[in-house]
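Dear colleague,

I am handing over to you the structure shown below, together with a summary of what was found in it. Please read the notes alongside the sequence and the coordinates.

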Amino acid sequence: MNSSAASRNNILTRLQQTTGVLQKDSRNFNFHEGSSFDEGKRWSAEEKVLRLKSMMEAVHTEVHLCVENTWIKNLCSILEQKQINKILYGAKTGLAQELGNLKQESSEMMPELIDYKDPIEESKDLLFEIDAAITTTRGGIAETGSLILWPTPDEPRLMSLVPPVHIAVLYASEIYSTFREAMISENWSSEMPTNALLISGPSKTADIEQTLVYGIHGCKELVVLVIQ
Amino acid sequence: MLSTEQFKKDTFSALNNPQLRGNFKRAMSGLMQKRLAVFPDDQEFHQLREIGHSARANALHKLPELLQQLESNCSKNGIQVYWAETVDQANQLVLEIAQRHNAKSIVKGKSMVSEEMELNHFLEQHGIEALEADLGEYIIQVDHELPSHIIMPAIHKNKEQIAQMFHQKVEPSVFAESAEEMTAIARKVLRRKFYQADIGVSGVNFAVAETGTLCLVENEGNGRFCTTLPPVHVALMGIEKVVEHLEDVPPLLSLLTRSATGQAITTYFNMITSPRKDGEKDGPQNVYLILLDNGRSQMHSDQLLRETLLCIRCGACMNHCPVYTRIGGHAYSTTYPGPIGKILTPQMKGLHKAGFLADASSLCGACVEVCPVKIPITEILLRLRHQKEEDKGNIPLTSPKAWKAGAGNLVWKGWKTVFANPELYRLKSLGITKLGNFTPRWMPVLRNWTSVRSTPVFAKKNLHQLAREEGLSYE
């Protein structure tokens with residue numbers, strides 16, 4: 001590590017010298033002010049839902065449009081159809097309450113709910129063996145068909161990566177038109193979380209002769225419940 | 001090995017390998033079509049790349065300040081930042097980190113900087129296993145090859161070749177034929193590796209100075225595994241990869257994924273700002289960022305050559321290059337093949353070693369047309385060629401290369417004199433129309449061309465004569 005400080009000094013000195021030597025660059029770099037590159041891309045609430053749905057479906061995502069009161073029934077039938085026996089969830093989220101209520105009402109139909117409560121060092125086997133995980137989302141992006149996730153201590157980062165099925169709950173009111181709109185409206189630059197993610201479909205690869213295959217390292221199936 | 005002779009040899013054998021040419025032709029046409037489909041609106045493309053260019057040019061303009069800002073914000077967030085001038089120093093830093101954490105096995109996400117460093121090889125020499133986890137990188141690593149494309153490293157192989165390799169070296173008990181079966185095997189094998197790994201290594205697509213955030217673009221999820229599951233994450237980045245604002249990221253991300261593979265966005269966009277915080281249940285406890293120079297600050301000192309550093313590594317220039325498509329990535333014997341490699345490698349390794357790469361272009365400019373950040377690749381190629389010839393002028397007369405260099409210079413001087421003098425020019429044209437077709441095929445220099453192509457036939461009348469006969473004049 002000793003060489004690092006010397007390298008830092010040498011690199012910065014070289015870069016600073018050039019900044020002085022080169023003629024002042026007169027181009028206008030203030031491109032964000034009045035920038036309009038995504039301003040033409042503003043859609044109505046309904047258009048945003050439809051665009052997100054079609055973009056995500058194009059990359060193998062199951063998107064279900066649901067309504068507030070009955071979405072949990074949609075979830076039940078999805079879990080049953082996919083024969084999920086154990087599902088990972090965050091026990092302290094709003095979502096957990098709904099799942100808990102449902103579990104009491106119809107205990108036979110519902111898979112076992114498992115909380116990601118211990119650090120990964122103790123949860124590794126659990127994560128690598130479980131059938132599915134369900135998480136909330138922070139929002140969505142209509143333009144590219146993406147989910148925005150800011151993992152929390154209650155819904156850690158690996159939940160959306162390791163289990164073969166990831167079920168994500170997205171409120172239609174939280175879908176933005178573009179990525180830029182999302183980060184500006186929510187003022188992301190003032191405080192970024194440990195990890196922020198855009199997820200746009202199940203994991204995929206085309207490294208073997210450009211043949212598209214889903215489910216390489218991350219989840220094999222992504223299910224999105226859009227609540228309107 | 002990097003030399004003109006080797007390059008000529010490899011080019012020749014690549015051109016005579018129909019399998020290889022077929023693989024590349026199919027892949028490159030596919031990528032070109034996909035890219036075209038996601039840029040349906042030409043005006044939008046030009047507007048977007050203007051913004052992308054500005055975001056990158058701005059970063060290069062303020063590079064020393066932004067690197068310090070990035071360093072200070074990363075440190076504040078708990079990411080430990082180290083600097084390396086050379087690939088040897090960078091390798092040493094990775095080794096020291098590995099030793100500090102008693103690491104025996106490393107899993108890697110795709111990183112071109114790690115290829116520059118030849119990190120896997122270095123670590124193996126020190127008894128540490130470094131396994132590539134990107135499927136394409138994994139395939140070529142198992143087969144002891146190097147990437148032939150910066151986005152699709154195993155593009156030179158077809159399915160049958162990969163199936164053979166899987167059967168012989170990965171899972172001998174089955175013969176997987178389809179891409180689905182092979183992918184499933186790789187998933188199983190690599191999950192075990194992620195589970196056990198002591199360190200995850202990744203590259204960086206963009207580093208945001210104002211927030212100290214490292215951004216990674218990927219489809220497979222191996223990048224997320226490498227940066228989330230092992231207790232230590234080491235990110236490797238060229239010093240040019242920094243951008244000033246978080247707001248610079250959306251246009252660059254859009255340009256990158258659309259130009260690279262014709263996707264509106266990749267499956268994962270992973271933004272990392274700190275190691276695991278108190279109370280968080282996963283993520284590495286230690287995150288290191290290594291900033292590598294390796295010739296970049298040198299490029300930065302020249303107004304034109306600096307534009308090389310605008311690059312966001314999308315690979316569109318190689319997908320559209322008529323030379324790359326025909327000879328493939330391996331013929332170049334470099335980390336970065338294709339047009340970007342032809343301007344990057346000579347500057348990293350020196351013109352005396354790799355300057356010949358700048359000659360391997362027809363200057364057709366297809367790369368410049370598609371470059372999402374507007375790198376003037378052909379201008380830089382010409383500049384490097386020019387510089388190379390000037391350097392030759394400095395070779396001492398006693399050197400065996402001096403004669404060749406002198407002869408070359410003489411030819412160019414003669415050419416310049418003739419083309420600058422109307423009388424001489426007319427005389428030359430007249431000479432060619434009358435005598436040109438008597439030039440023997442076997443003449444030195446000329447035979448390099450005629451040995452593989454039919455000899456061009458000179459017209460009996462030159463353009464000026466034809467124009468005069470048609471009654472056209474300059475005025």
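A residue is called buried if 20 or more other C-beta atoms lie within 10 Å of its own. Please also bear in mind that this is a predicted model.

With that cut-off in hand, consider strand β4 (residues 199-202) of chain B. B:I199 and B:V201 point one way from the strand, B:G200 and B:S202 point the other way, and all are buried. Strand β4 of chain B has two pairings to report. Strand β2 (residues 105-108) of chain B runs parallel to β4(B) and is joined to it by three bridges; here B:V107 has B:G200 as its bridge partner. Strand β7 (residues 232-238) of chain B is also parallel to β4(B), with four bridges between them, and in that pairing B:H233 stands opposite B:G200.

Next, the domains of chain B. The domain assignment gives domain 1 (1-38 + 315-399), domain 2 (54-297) and domain 3 (421-469). The centres of domain 1 and domain 2 of chain B, taken over C-alpha atoms, are separated by 25 Å. Their contact takes 23 residues from domain 1 and 23 residues from domain 2. On the side of domain 1 that touches domain 2, the elements giving two or more residues are α2 (18-38), α14 (316-319) and α16 (338-349) of chain B. Of these, α2(B) gives the most, with nine residues. By class, this side of domain 1 has 14 nonpolar, seven polar and two charged residues.

The two chains also meet. Which helix gives the most to the side of chain B that touches chain A? The contact as a whole takes 76 residues from chain B and 64 residues from chain A, and helix α10 (residues 179-196) of chain B gives the most to chain B's side, with nine residues. That side of chain B divides into 34 nonpolar, 26 polar and 16 charged residues.

Finally, helix α5 (residues 120-129) of chain A has the buried residues A:I120, A:S123 and A:L127. Seen down the axis of α5(A), these buried residues fall within an arc of 70°, so they line one face of the helix. On the other side of α5(A), A:E122, A:D125 and A:E129 are exposed.

With kind regards

Technical notes:
Residues numbered from 1 in each chain as written. Chains lettered and ligands numbered in written order. Predicted model: local features only at pLDDT ≥ 70, side-chain atom pairs only at ≥ 80, totals over all residues. Domains from an automatic or database assignment. Contact = placed C-beta atoms within 7 Å. Nonpolar A, V, L, I, M, F, W, Y, C, P; charged D, E, K, R; others polar. Buried ≥ 20, exposed ≤ 12 C-beta atoms within 10 Å, placed from the backbone. Arc of directions from axis to C-beta. Pairing = 2+ DSSP bridges.
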